[in-house]
Amino acid sequence: MMEQPTRWIRNFVDGRFVDPVDSAGFDDIDPATGVVVARVHEADRTIVDRAVAAARRAVHEGWADTPVRDRTDLLRRAADRIEQRFDEFVAAEVADTGKPIAQARQLDVPRAIANFRAFADIVAAAGQESFLTELGDGRRALNYALRKPLGVVAVIVPWNLPLLLLTWKVAPALACGNALVVKPSEETPATATLLAEVLGEVGLPDGVYNVVHGFGSDSAGEFLTTHPGIDGVTFTGSSTTGSHVMKTVAPRVRPVSFELGGKNAAVVFDDVDPAEALDGLARAIFTNTGQVCLCTERVYVQRTIFDDIAAGLVERAQQLRLGRPLDESTTTGPLISQEHRQKVRDYLDLAESSGAKVLTGGGVPELGAGLDGGAWIEPTLWTGLTNAHRVVREEIFGPVAALIPFDTEQEAVALANDTEYGLAASVWTNDLRRGHRVAQRMNVGMAWVNTWFLRDLRSPFGGMGLSGIGREGGESSLHFYTEPTNVCVQL
């Protein structure tokens, strides 16, 4: 029996870490090996109460009134400090998620740094609306809007891109003058905790950033979202959990920002540059082992090039290298947990029983000693399915995609929009007019043309339908993390 590690990942409340007083905790498991890397202190209701109280005190004792310049300067210092501790953040992210070290170095940690710098610039440059009103009776009035912090915000982030998505929310929320209680996923607690150290080092006042660890129901998640001291909730995760969170905050009519699941489509026309499209589609399907809300699980290909695109995607899938996360040549990591792998395997079985033809993958790879305990799955491509099948309608969240032919543009748009989700889509064509036309007809929050996962942090981000409510990014984040007050002065 493996000895339990002595390292604890602790809750962070009111500027200091909370030492566990008992054994109330759970294992932090490396999904690549199945080895326990730490114990995580599960927050009880008392700890959550203390975190919310500390955040409310911080808002009312000066953080909300701190000048914007001082808040944005702090964000820039945080970005600098993450750069200085870059390797620590990479190591924590890799240990929690099992993702390849190359991805953590090239995407996750650099985007965290960029989030702090981008929102420092966005908030510093933000203007306020004003109107000079002339009434029919000769009176004149000046109307201008003030934006005030929302207050105490519950920040709940998922396990797939834990640091990237955490800072995507934390940076604008802090810049707008809010105090935060963060609940990272129980699967990936390390980087949210490490960020607490960084924010303390750069001078964030006590109580402005708090971290509580735990699960959802009857744990930190439920204690937080039902707490009367919370003024808003921002959540990224599954549509089912988002629906539950909405119910918990509804009695108190608190604002929510939800970025939820997706069953994203790609539409590939026969005039496309094949190499460009295949490279982009492979990224869209297999990045982060398919565990990105923006990943593509439905690929609609014009029939005249269907066989060529299918063969090209199979070739790229088979070139992926599954292996140890710290190996620089590894391209693809494991799924986040054994539980999630079982969910994906159930969908693999369902696809085959539904008549799918497996072009590649479809099982569990044999990677040898040291990795046998990990949550590995083979990158998988199917043909022979339609929009009527469950595996084409339900989010799987793994390195899988169904390839489906179409004949006309109208048919392709109809197929892509035939879903309850509406997060993202990509259109692949060398016809510029068609690219614009089809992208605009996608019922999604974000449509790409001849690319995927290309983001400008000033642009709005979010989904429709089961994919979420609201938008974040750029001024959209400012609108969520603040409340406007209109002042009208008769002149």
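Colleague: Where is Ile336, and what does Ile336 touch?

Modeller: Ile336 sits in the loop that runs between helix H10 (306–319) and helix H11 (338–353). Keep in mind that this is a predicted model. Leaving out residues up to four places away in sequence, Ile336 touches Pro31, Asp96, Thr97, Trp159, Glu187, Thr188 and Gln291. Ala275, on the other hand, is 61 residues from Ile336 in sequence and 31 Å away in space, going C-alpha to C-alpha.

Now for some other loops. Val253 is in the one between helix H8 (239–249) and strand S12 (256–259), and with a relative accessible area of 70% Val253 is exposed. Its backbone deserves a look as well: phi of Val253 is near 50°, a positive value in a residue other than glycine. Most residues other than glycine have a negative phi. Asp14, in the loop between strand S2 (11–13) and strand S3 (16–18), also has a positive phi, near 55°.

Arg16 forms a salt bridge with Asp206, with 3.6 Å between the closest N and O atoms. Asp206 is in the loop between helix H6 (190–201) and strand S10 (209–211) while Arg16 is in S3, so this pair ties together parts that are 190 residues apart in sequence. Both partners are partly exposed, Asp206 at 43% relative accessibility and Arg16 at 47%. The structure holds 30 salt bridges, and another one of them joins Arg85 to Glu88, where the closest N and O atoms are 2.8 Å apart. Here Arg85 is buried, at 8% relative accessible area, whereas Glu88 is partly exposed at 40%.

Asp418 lies in the loop between H13 and strand S18 (421–422) and Arg393 in helix H12 (residues 390–393), so the pair ties together parts 25 residues apart in sequence. Asp418 is partly exposed with a relative accessible area of 35%, and so is Arg393 at 31%. Going back to Arg85 and Glu88, salt bridges with shared partners join them with Arg81, Glu197 and Glu201 into one network.

Helix H13 (409–416) comes up again as a neighbour of helix H14. The buried residues of H14 (residues 432–441) are Arg434, Gly435, Val438 and Ala439. They sit on the same side of H14 because they cover an arc of only 125° around the axis. These buried residues pack against H13, strand S19 (424–428) and strand S20 (446–449). Leu432, Arg433 and Gln440, on the other side of H14, are exposed. At the N-terminal end, Asp431 caps H14, with a side-chain oxygen 3.1 Å from the backbone nitrogen of Arg433.

Helix H15 (residues 474–481) has its own buried set, made up of Gly474, Ser477, Leu478, Phe480 and Tyr481. Their arc around the axis is only 165°, which puts them on the same side of H15.

To finish on the surface, Leu132, Leu142, Tyr144, Leu146, Val489 and Leu491 form a nonpolar patch with about 480 Å² of accessible area together. Strand S7 (residues 140–149) gives the most to that patch, with three residues. Leu146 is in S7 and counts as partly exposed, at 33% relative accessibility.

Conventions:
Residues are numbered from 1 along each chain as its sequence is written. This is a predicted model: local features need pLDDT of at least 70, side-chain atom pairs count only at pLDDT 80 or more; totals for chains, interfaces and linings use all residues. Side-chain values use heavy atoms; hydrogens and water are left out. Patches are made of residues with over 30% relative accessible area and no salt bridge: like charges are joined within 9 Å, nonpolar side chains (Val, Leu, Ile, Met, Phe, Trp, Tyr) within 5 Å. Accessible areas come from the Shrake-Rupley method with a 1.4 Å probe; for residues, only the protein chains shown count as cover. A salt bridge is a side-chain nitrogen of Lys or Arg within 4 Å of a carboxyl oxygen of Asp or Glu. Helices (H or I, at least four residues) and strands (E, at least two) are DSSP runs, numbered from the N terminus. Buried means under 20% relative accessible area, exposed over 50%, partly exposed in between (1.4 Å probe, protein chains only). The arc is that of the directions from the helix axis to the C-beta atoms. Contact means heavy atoms within 4.5 Å. A polar contact is a pair of N or O atoms within 3.5 Å; within protein, one must be able to donate a hydrogen and the other to accept it, and residues adjacent in sequence count only if both atoms are side-chain atoms.
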